[in-house]
Amino acid sequence: MLQELATHINEQFPFLKEKKLLIAISGGVDSVVLTHLLHKLQFNISLAHCNFQLRREESDLDEVFVKRLGKNLNIQTFTTNFNTNEYATKNKLSTQLAARELRYDWFDKLNQKNTFDYTLTAHHADDNLETFIINLSRGTGLEGLTGIPSVNKNVVRPLLIFSREEILNFAKQNNIEWREDKSNAETKYVRNKIRHQITPALKELNPSFLDNFNKTIGYLKESQQIVIDKIEEITNEIVSKEGDLLKINIEKLLKLSNPKAYLYQLLKPYKFTEWNDVYNLVYAQSGKQILTKFYTLLKDRDFLLLLRTNEKSSFEDEYFIIREENKEITAPIKLLLKRVQKKTNADNKSIYVDNELLNFPLKLRRWKSGDFFYPKGMLGRKKVSKYFKDEKISIVNKNKIWLLCSSKNEIIWIVGKRQDRRFLPTENTTKLLKISI
């Protein structure tokens, strides 16, 4: 097994050579064997052990065992303690998810502080099979059937090609001590139930089941790469980017052989879950949207727009005051206010108003549903939302527009777009105010 692992690392993980590696060690046979193997291969390794305080004295004995192992092999060892149950309750997580979060957050801190290049975990082929069955039972796409990745950012799993039986045999043949976690024998957890009741039955049906499973995972990963390549090609054709905004061309999307499948692949990195609702957005009216914690997907005429969800539930009440003595403001946009004697040619970047018609302080605010104004050059009044629609201003852009209003909340200027005629100067106006972006 030592030579097999050395060959495997040379072929699949050559980037691990001469790097600082941190091994996540529980005290169980898999992580202990990984430690011995890499120690014999003279890799630069350190150990990291989490005491989750879930098994009382047993958890403390695991920690003692890991510290002794590190001392015997002359390996730097880090340990920490967590009140996992308290963390799980506070964050409304299962015990297993809480432990995972705590563990990997701590690994990241260790990596940053001690400049480790990679964190190594001891997941093996049986873990991979169990994960596959769990994902299959819950319903999953192709990515859920490719098992545990051997490399995920800075986390590497060198033992995925080995079975639990191979690891146990190696430990016994080499008189390697390890700690048994008695909770692994219980079947109250889904993974343990699969480990003790389902996978033994599958191996009984076919003694080569695990080897065949590993081959299947390899084939699925090859198929997944084809999908990734195709999605990259499609992305270049139908997706455009404007700063942080992602635009999916609906017309081009609907010409694809399976628009729903392609849309899933395009958007799955953004953690949407209600995929029927996502696809129905394609046919929805403009303005309809779907929110996640971090992203908003909205329909805007010919496009689906993906943008980061505004942390504020609404910016409708956000406003900025401009007092009569102000000659300039710099936030939220830069505006210049200047008393002048006569008008010159105005454009979208500046307006002239009758200063005597203004009620100070002025207010800069976002538009609200129901807002209306009296557009310069037109008769009657118009809803701001209708103006945006007629001007074909996108949903994203109209939420970036500011309204300059009087203290009575009358719109003076849709800034940079259209002036309200109620405040226009006349031939008899003696006090002109020029307002410019």
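Mentor: Two strands pair if DSSP finds at least two bridges between them. Helices (H or I, at least four residues) and strands (E, at least two) are DSSP runs, numbered from the N terminus. The model is predicted: local features need pLDDT of at least 70, side-chain atom pairs count only at pLDDT 80 or more, and totals for chains, interfaces and linings use all residues. Residues are numbered from 1 along each chain as its sequence is written, and side-chain values use heavy atoms, with hydrogens and water left out.

Trainee: How do you know that β10 and strand β11 pair?

Mentor: Six bridges join β10 to β11 (residues 303–308). Pairing asks for at least two bridges, so the two strands pair. They run antiparallel. L298 stands opposite L305 in β11.

Trainee: Why is β10 called mostly covered?

Mentor: Buried means under 20% relative accessible area, exposed over 50%, partly exposed in between (1.4 Å probe, protein chains only). In β10 (residues 295–300), six of its six residues are buried.

Trainee: Which residues cover each face of β10?

Mentor: In a regular strand the side chains alternate between the two faces of the sheet. Y295, L297 and K299 are on one side, and T296, L298 and D300 are on the other. All are buried, so both faces of β10 are covered.

Trainee: What makes T35 buried?

Mentor: Its relative accessible area is 0%. The cut-off is passed, so T35 is buried. T35 is found in helix α2 (residues 29–40). Contact means heavy atoms within 4.5 Å. Leaving aside neighbours within four places in sequence, T35 is in contact with I23, I25, I45, L47, L69, L73 and I75.

Trainee: Why does E18 count as exposed?

Mentor: E18 has 84% relative accessibility, so it counts as exposed. E18 is in the loop between α1 (2–12) and β1 (21–24). Its phi is positive, about 60 degrees, although E18 is not a glycine. Most residues other than glycine have a negative phi, and most peptide bonds are trans.

Trainee: And why does Q53 count as partly exposed?

Mentor: Q53 has 43% relative accessibility, which falls in the in-between range, so it counts as partly exposed. Q53 also has a positive phi, about 55 degrees, and is not a glycine. Its place is the loop between β2 (45–51) and α3 (57–72).

Trainee: Which peptide bond from A331 is cis?

Mentor: The bond from A331 to P332, with omega near 5 degrees. P332 is in the loop between β13 (328–329) and β14 (335–340). A cis bond also joins F360 and P361, with omega about -5 degrees. P361 is in the loop between β15 (350–354) and β16 (362–365).

Trainee: What makes α6 and α8 roughly perpendicular?

Mentor: Axes are lines fitted to C-alpha atoms, for helices over the stretch in contact, and angles run from 0 to 180 degrees between N-to-C directions. The axes of α6 (residues 125–138) and α8 (residues 190–205) come within 10 Å and cross at roughly 105 degrees. Angles under 35 degrees count as roughly parallel, over 145 as roughly antiparallel, 65 to 115 as roughly perpendicular and the rest as oblique. Therefore α6 and α8 are roughly perpendicular. Residues making the contact include L129 and I133 of α6 and I194 and I198 of α8.

Trainee: How do you know that α4 is roughly perpendicular to α5?

Mentor: The axes of α4 (residues 84–91) and α5 (residues 95–114) come within 9 Å and cross at roughly 105 degrees. That makes α4 roughly perpendicular to α5. T84, N85, Y87 and A88 of α4 meet T95, A98, A99, E101 and L102 of α5.

Trainee: Why do β12 and β21 stand at the edges?

Mentor: An open sheet of five strands has the order β12-β16-β19-β20-β21, with antiparallel pairing. β12 (319–322) and β21 (418–419) each have a single partner strand, so one side of each is left without a neighbour in the sheet. Strand β20 (residues 411–414) pairs with β21 over two bridges. W413 has Q419 in β21 as its bridge partner.
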